[in-house]
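Have the structure open as you read.

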Amino acid sequence: MGHRICRLAFALLLPWLCSLAWAEAPKNSTTIESATTADPAPRDLHTILQPLTERSFDKKEAAIRQLAEQDSPRVVPLLNALMDRDLLHWKDQDRIVLGKKVDGDWQLYDPVTEQPLARVGRRDARAVVINNHLRTVINNQLALRSLNSKNSDERYQAANQLIGNLDPDMLAALSQRREVETRSRVLDEITTALNIAALHSDDLTTRLNAIDALGSDLHPTVKNTLNQVLRQSDSEVEKAAARKSIDRIEARIERFQTADTIFFGLSLGSVLLLAAIGLAITFGVMGVINMAHGELIMLGAYTTYVVQQLLPDSHEWSLIIAIPAAFLVSGLVGILIERFVIRYLYGRPLETLLATFGVSLILQQAVRVIFSPLNRTVVTPDWMSGAWQINPVFSLTFNRLYIIFFALTVFLALLTLLKKTRLGLQVRAVSQNRNTARALGIRSERVNALTFGLGSGIAGIAGVALAQLTNVGPNLGQSYIIDSFMVVVFGGVGNLWGTLTAAFGLGIANKFLEPVAGAVLAKIVVLVFIILFIQRKPRGLFPQRGRAAEE
Amino acid sequence: MTFKRSMKKMAAGIVASSAIFYSGAVMAADTIKVGVLHSLSGTMAISESTLKDTVLMLIKEQNAKGGVMGKKLEPVVVDPASNWPLFAEKARELITKDKVDVIFGCWTSVSRKSVLPVVEELNGLLFYPVQYEGEESSKNVFYTGAAPNQQAIPAVDYLLNDLGVKRFVLAGTDYVYPRTTNKILEAYLKSKGIPDEDIMINYTPFGYSDWQSIVSNIKDFGSQGKKTAVVSTINGDANVPFYKELANQGVKAEDIPVVAFSVGEEELSGIDTGPLVGHLAAWNYFESVDTEANEKFIDEWHQYTGNDKRVTNDPMEATYIGFNMWVKAVEKAKSTDTDKVAKAMIGMETPNLTGGMAVMNKNHHLSKPVLIGEIQDDGQFSVVWQTDGLVKGDAWSDFLPGSKDLISDWTAPINCGNYNVKTKTCGGQAAAE
């Protein structure tokens with residue numbers, strides 16, 4: 001209790017201490033001595049931590065295990081500090097200290113008392129290096145300690161971490177917890193962990209019971225361990241039981257895998273839809289072959305980056321602001337391209353193709369000059385990271401899930417815009433018959449510019465979504481331009497529903513082909529299929545009817 | 001019409017300006033010219049523009065020290081624009097028109113293969129600073145990046161011996177470097193007793209971004225009761241979505257570690273590495289290496305670029321070693337003549353940034369240490385393993401049937417890039433491409 005108050009006071013004093021520390025740079029011996037008299041444990045902890053200065057991972061592991069055995073409130077913070085690389089080796093003094101980065105320098109603290117020690121240059125102290133094995137050891141120790149936490153999420157994480165662990169202390173703790181645990185979700189994890197441990201028991205009946213109990217468990221460690229049993233066991237009964245359980249697990253996994261593949265396909269489809277939908281306007285409705293479409297997507301992605309740079313403190317919400325911003329930026333660039341290049345080339349598709357290809361190169365190089373050719377980091381907000389874990393083998397990643405919904409929303413919004421608004425009516429009129437539309441008083445030039453701006457703006461919105469999935473770099477657009485044209489042509493030029501169907505159809509087909517044929521071949525197969533299909537039906541899946549189609 | 005006229009004007013302008021440029025070049029005759037052949041635009045600009053800056057920084061420093069043999073170094077920078085045939089044209093231009101004495105350049109193997117006939121025909125000198133698939137050794141090229149036995153083989157050894165990995169996924173981008181490296185690794189793994197069914201090989205196109213089903217396959221492959229690891233030769237841009245997908249699907253380094261040969265500090269600077277902590281990479285250099293030479297190099301780099309967030313990486317160290325070796329070789333040969341410098345290069349030693357000496361061998365490859373690092377949450381690597389001594393670069397892999405009898409030795413009496421030790425003849429190799 002007294003310790004906690006100390007830490008609270010310390011936290012309040014921290015800024016003040018930091019400013020003083022530089023001037024004073026105390027040699028710290030006095031502070032440690034005074035702390036030692038109060039509590040005999042700290043001195044021990046310093047000695048225990050000392051081997052962490054060595055290179056050998058074995059020595060470090062021994063030190064960590066020794067630290068974990070100590071009964072001190074400092075154990076958990078120190079283990080956490082080791083995980084977060086806040087535990088440093090102070091080279092001059094050859095000792096382990098806690099450190100915080102302050103303006104590129106290290107502010108060092110005593111690992112036990114948290115008293116500030118000194119402020120040193122960034123190279124005078126180095127974080128203690130740990131490897132994957134040590135990370136597992138530390139995580140297990142931390143899990144053991146949070147197994148009795150009040151928060152059921154923490155208990156769940158802890159039990160999950162301990163699955164596959166055979167350390168007797170840990171198993172004892174798990175058995176104890178099983179007696180008092182009330183949440184079924186946590187209980188399931190504990191049971192799995194104990195059953196896996198039982199597979200290593202000397203008693204055959206215990207093993208057989210465990211094998212049977214694990215037969216419906218989808219946790220990956222279960223299948224792994226059962227496969228080991230199958231390989232190593234010398235009892236035929238046990239092997240048969242293991243085989244049976246594995247078959248049961250695999251049958252269940254298979255069902256979920258199909259669902260998984262469909263989700264992957266929908267996700268790829270939504271990416272294709274986003275990339276293609278702007279093109280469905282500029283190419284589909286207006287008939288302009290815009291090779292710079294990919295670069296308009298890229299501009300949207302860079303807008304996301306710039307918005308995040310401008311609002312460094314609100315990564316969670318900057319994405320929402322980036323959507324209209326990207327629409328405006330790409331839309332404006334689109335209008336400029338239309339006014340200064342495409343306007344003069346209507347009805348000359350080959351020249352348009354070459355001119356817009358030139359524009360695409362200019363935009364790419366412009367981005368290289370302004371932002372450098374290196375990729376930029378776009379931060380993924382927390383609510384978009386991770387996955388919705390339905391069970392251990394089936395999870396839907398949040399970013400993909402949101403992007404599917406986002407793509408559909410954009411699609412519906414665009415459809416409403418074209419069908420229900422005055423601008424939409426004018427766009428359709430101009431695209432069906434320019435002369436008649438003009439005769440009816442529609443300013444076709446203005447409508448053209450706005451339509452092109454709309455298509456480009458939507459490409460920009462697609463860029464915001466794609467920035468969450470792939471690199472934000474000068475080549476972002478190039479990788480999507482072929483796919484976009486493929487989707488629009490396959491779906492039927494000028495038909496938004498066709499674009500939707502084509503995008504999801506191609507996405508799902510691709511994902512079902514991929515496991516069989518491999519990524520490279522799957523792509524080729526899809527392309528060959530589209531070529532053949534276009535041979536048979538040159539107007540795509542849903543050909544546009546009416547006079548425009550006859551031209 | 002007007003278009004034609006303006007074209008003519010433009011052409012005239014180009015001729016005039018280049019005439020001025022060349023006359024200027026002739027006037028500054030007592031400099032040593034250094035060609036820099038790295039893409040500054042196009043796909044590869046992301047990686048190569050950094051190396052251009054590195055060479056320029058090294059030249060600036062060398063000039064501050066008084067140049068080489070009392071002459072200043074003069075950089076000639078050209079942009080081959082990630083266009084492989086253009087690499088050959090630009091190399092020819094550098095040697096014949098600009099009369100450079102040495103070229104530092106190329107990144108991809110295709111670009112090197114495109115430049116190779118040019119430097120051989122015109123007897124130029126090329127320093128190639130990137131890890132590559134081996135199976136090549138030219139009299140006119142010095143390879144300062146890693147050969148497969150200086151990166152891939154030690155990394156797999158680490159997985160086999162230290163992590164106890166029994167099942168391997170070899171994932172790569174579909175082009176020559178991953179295909180050759182994976183062929184070597186497959187033969188090596190089989191020689192170590194790993195059966196066919198425990199090796200999964202997967203190729204993806206350049207810039208691939210939809211990794212969902214592949215990552216899900218890897219997870220499945222890793223749940224068969226044996227410790228599994230992924231050996232990744234995935235190139236450049238495709239890595240960011242790959243690692244993002246690994247993180248999203250919860251593939252942790254503790255369960256299925258990924259060891260990469262093309263992912264360095266620069267590539268990681270584009271992603272949030274929090275969820276990737278513990279995945280591995282094998283290189284001859286990491287920015288986090290704690291030596292004085294490295295600290296000095298990083299400081300100079302930050303100062304030169306005016307940005308203390310810029311990272312350093314392995315190909316930069318390879319450029320650093322190559323440049324310093326060339327300077328020493330020129331001083332030793334007292335000439336910039338290709339043959340004399342090439343002769344002086346062999347056996348040359350210069351300090352590398354990881355605290356040892358790099359040695360140029362008779363096969364035009366370096367001896368360097370091999371390090372394995374784990375990704376940290378700040379985008380850096382921490383070294384968790386390294387070879388005891390230096391590993392000598394092997395131009396021809398011992399694990400490929402076509403090349404295991406070949407050696408390269410550019411000293412008398414062999415003087416050959418692909419000498420067959422069995423038949424005692426030079427040339428005649430079929431495994432070159």
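Predicted model: local features only at pLDDT ≥ 70, side-chain atom pairs only at ≥ 80, totals over all residues.

Chain B as a whole averages a pLDDT of 88, and 92% of its residues score at least 70. For the complex, the predictor reports an ipTM of 0.79 and a pTM of 0.81.

Staying with chain B, let's look at its strands. Four of them make an open, antiparallel sheet, in the order β11-β12-β13-β16. The edges are β11 (349-351) and β16 (391-392) of chain B; each has a single partner strand, so one side of each has no neighbour in the sheet. β11(B) pairs with β12 (residues 357-360) of chain B over three bridges, in the antiparallel sense, and B:Pro351 has B:Met357 in β12(B) as its bridge partner.

Further along come β17 (residues 406-409), β18 (residues 416-420) and β19 (residues 425-426) of chain B. Here are the two pairings side by side:

| Strand pair | Sense | Bridges | Residues facing each other |
|---|---|---|---|
| β17(B) and β18(B) | antiparallel | three bridges | B:Asp409 and B:Cys416 |
| β18(B) and β19(B) | antiparallel | two bridges | B:Asn420 and B:Thr425 |

Both pairings are hairpins. Six residues separate β17(B) from β18(B), and B:Asn415 in that turn has a positive phi of about 50 degrees. In the hairpin of β18(B) and β19(B) there are four residues between the strands, and the turn residue B:Lys424 has a positive phi of about 55 degrees.

B:Asp314 belongs to helix α11 (residues 314-333) of chain B. Setting aside neighbours within four places in sequence, B:Asp314 is in contact with B:Gly264, B:Trp283, B:Asn284 and B:Tyr285.

On to where the chains meet. Chain A brings 44 residues to the contact and chain B brings 41. On the chain A side, the elements giving two or more residues are α6 (132-146), α11 (220-232), α12 (236-285), α15 (349-371), α21 (496-517) and α22 (519-536). α11(A) gives the most, with six residues. By type, the chain A side divides into 12 nonpolar, 21 polar and 11 charged residues.

Finally, the unreviewed UniProt entry for chain A annotates "transmembrane region" at residues 262-289, 317-341, 353-371, 401-418, 447-467, 487-509 and 516-534. In the model, residues 262-289 of chain A are 86% helix and 0% strand, with end C-alpha atoms 32 Å apart. Residues 516-534 of chain A come out at 95% helix and 0% strand, and their end C-alpha atoms lie 25 Å apart.

How values were computed: Residues numbered from 1 in each chain as written. Chains lettered and ligands numbered in written order. Contact = placed C-beta atoms within 7 Å. Nonpolar A, V, L, I, M, F, W, Y, C, P; charged D, E, K, R; others polar. UniProt positions renumbered as here; feature names shortened; annotations may be inferred. Pairing = 2+ DSSP bridges. pLDDT = per-residue confidence, 0-100.
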